[in-house]
Amino acid sequence: MTIHWCGTGLSAIPGLRRLIERGHKVTVWNRTVEKARAEVGDLTDDIQAFDIDALGAVLEKGDVIVSMLPGDWHVPLAELAIEKGAHFVSSSYIAPEMRALDDKAREAGVALVNEVGLDPGIDHLMAHALVDDYRASDAFDPDNHLSFISYCGGIPKNPNPFRYKFSWSPLGVLKALRSPSRSIRDYAPLDVARPWDAISTYVAPLPTPESFEVYPNRDSIPFMQQYHFEEHWPVKEFVRGTLRLNGWSDAWADVFREIETLEGPEGEERLKEMSDRFWAENAYEEGEPDRVVLCVGLKAEKDGRPVWHKTYVMDAWGDARGSAMARLVSIPVSLAVEAVLNRAIPAGVHAAPSDPKLVKDWMAEIDTLAQHLQVVDHTA
């Protein structure tokens, strides 16, 4: 069985190298063969120019396609996998078009695994671990009132005046700032048109507690079902969001004001200009360390008092192994590929696994990738 790894961008390399070094049969596909050779040519010469028809010609039943390409390639590659009886893995969120392939994937007996990077990915594993821990505890009561938070951010290890640095084109970050979000606050849905309308402060329970700016992103509410919350549980707060350095909202105030006014083709052109300028002024230098902070917390209250409250907290930064972001995105992808090959993930469309054994095994591996990983018990 061959792993067809498509895409050798910055966030793909550690996981790809891990699979090759562990002896898996891997064909590397990239739009620019020279770039792929520069990244993994010391390990393999099985490197091809990416072309979906060429991939389809050699794809066999039981193979695995990994897409680290832009998101618009995921569904066509997943459809190709189904057609050939192969499996599919990506780190990206499950789009509605991907979700719609579930029945076809089950009928074909193939797994389409997504959301197995950092966020989404490691955050899901932490959430499943906490919910399982809470359910098994003496404090569990379906009438307890629950609060759930999940905040993740890639931030510079050495803060700069802009309070942020870019590993790749800033355009995606700028476009995300125009997206609405939905979460639960005070037992009711909270709809926010722009992230800067809902910035709050969060103190991460690191060995030395540290304050960050946070805001909700996307639609958090469907993840209550994904994390196995029961419909009848009273949920006071449920939010998945982004974490930024303190001072970020002030440093970006002019950006927010301008983004709010941009419309149509001219607006898109201006976004591109802003992206180019930010890339020139605030890109990571060669070898400069990045940092990733991820906090996932679950609190249960009875009569207004916490009876169970734990936070899974991770802090990682770039070191001799390369960037923290790259290893935390791509190595979980490689773990998902191995789980698929070992038939540990069933047919159909899936996000990061909730199976306790897989969660435990993957988190043990992730522990080696981060400088700090801990479950903090706030009620102990």
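Just after helix α4, G85 takes a positive phi of about 75°. Helices (H or I, at least four residues) and strands (E, at least two) are DSSP runs, numbered from the N terminus. The model is predicted, and for this reason local features need pLDDT of at least 70 and side-chain atom pairs count only at pLDDT 80 or more, while totals for chains, interfaces and linings use all residues. Residues are numbered from 1 along each chain as its sequence is written, and side-chain values use heavy atoms, with hydrogens and water left out.

**Helix α4 and its surroundings**

- Helix α4 spans residues 74-84, and its buried residues are H74, V75, L77, A78, L80, A81 and I82. Here buried means under 20% relative accessible area, exposed means over 50%, and partly exposed lies in between (1.4 Å probe, protein chains only).
- These buried residues of α4 pack against the helices α3 (52-58), α5 (96-99) and α6 (102-108), and against the strands β4 (64-67), β5 (87-90) and β6 (111-113). A contact requires heavy atoms within 4.5 Å.

**Overall form**

- The protein has 14 helices and 16 strands. Its radius of gyration is 21 Å, close to the 21 Å that the globule rule gives for 380 residues, so the protein is as compact as a globular protein of that length. This radius is taken over C-alpha atoms, and the globule rule is 2.2 Å times the number of residues to the power 0.38.
- Along the principal axes, the C-alpha atoms fill a box of roughly 60 × 50 × 40 Å.
- Of the 380 residues, 54% count as buried.
- Among contacts between residues at least 6 apart in sequence, 70% join residues at least 24 apart.
- The accessible surface comes to about 17100 Å², of which 48% belongs to carbon and sulfur atoms. Such areas come from the Shrake-Rupley method with a 1.4 Å probe; for residues, only the protein chains shown count as cover.

**Aromatic rings**

- The structure holds 25 aromatic pairs. Rings of Phe, Tyr and Trp (its six-membered ring) pair if their centres lie within 6.5 Å; planes under 30 degrees apart count as stacked, over 60 as edge-to-face and the rest as tilted.
- The rings of F148 and Y227 have centres 5.4 Å apart and planes at 50°, so this pair is tilted. F148 lies in strand β7 (residues 145-156) and Y227 in the loop between α9 (222-226) and β12 (235-245), so the pair ties together parts that are 79 residues apart in sequence.
- F148 is buried, with a relative accessible area of 0%, and Y227 is likewise buried at 0%.
- One aromatic cluster is formed by Y93, Y134, F140, F148, F223, Y227, F229, W233, F238 and W308.
- R240 lies over the face of F223, at 4.1 Å from the ring centre, and the charged end of K157 sits over the ring of W317, 4.8 Å from its centre. A charge sits over a ring if NZ of Lys or CZ of Arg is within 6 Å of the ring centre and within 35 degrees of the ring normal.

**A283 in its loop**

- A283 is found in the loop between α12 (264-282) and β13 (290-302), and A283 is buried, with a relative accessible area of 15%.
- A283 touches K165, F166, F278 and E288, not counting residues up to four places away in sequence. A283 and F166 are 117 residues apart in sequence and 4.6 Å apart in space, C-alpha to C-alpha.
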